[in-house]
Amino acid sequence: MALSCTLNRYLLLMAQEHLEFRLPEIKSLLLLFGGQFASSQETYGKSPFWILSIPSEDIARNLMKRTVCAKFHFYIRTLHIK
């Protein structure tokens with residue numbers, strides 16, 4: 001039986017410098033801290049706003065401690081209305 005992993009969504013505010021370095025940096029930091037970059041991640045090229053699905057708040061915090069391309073991260077809370 002496979003364990004389901006809930007991914008939290010985060011809005012990252014990216015710096016407007018080193019545009020070509022953003023994606024490789026975020027991918028490698030996610031791998032370093034136990035996350036995985038999925039092809040479904042919403043990276044908007046030159047846009048300063050990216051939405052990433054990250055397994056835990058700890059991984060998101062560690063990523064932000066090491067990145068030079070992201071300024072802030074915000075947890076996106078979703079409401080499930082029945």
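F72 is partly exposed, with a relative accessible area of 47%, and F74 is partly exposed too, at 42%; here buried means under 20% relative accessible area, exposed over 50% and partly exposed in between (1.4 Å probe, protein chains only). These two residues form a tilted aromatic pair, with 6.3 Å from centre to centre and 35° between the planes. Rings of Phe, Tyr and Trp (its six-membered ring) pair if their centres lie within 6.5 Å, and planes under 30 degrees apart count as stacked, over 60 as edge-to-face and the rest as tilted. Two aromatic pairs are found in the whole structure.

The model is predicted, with local features needing pLDDT of at least 70 and side-chain atom pairs counting only at pLDDT 80 or more, while totals for chains, interfaces and linings use all residues. Residues are numbered from 1 along each chain as its sequence is written, and side-chain values use heavy atoms, leaving out hydrogens and water.

Turning to the helices, α2 spans residues 57-66 and has I59, A60, L63 and M64 buried. These residues lie on the same side of α2 because they cover an arc of only 135° around the axis, taken from the directions from the helix axis to the C-beta atoms. Helices (H or I, at least four residues) and strands (E, at least two) are DSSP runs, numbered from the N terminus. The cover over the buried residues of α2 includes β1 (8-14), α1, β2 (49-54) and β3 (70-76), with contact meaning heavy atoms within 4.5 Å. On the face turned away from the buried side, α2 carries the exposed residues D58, K65 and R66.
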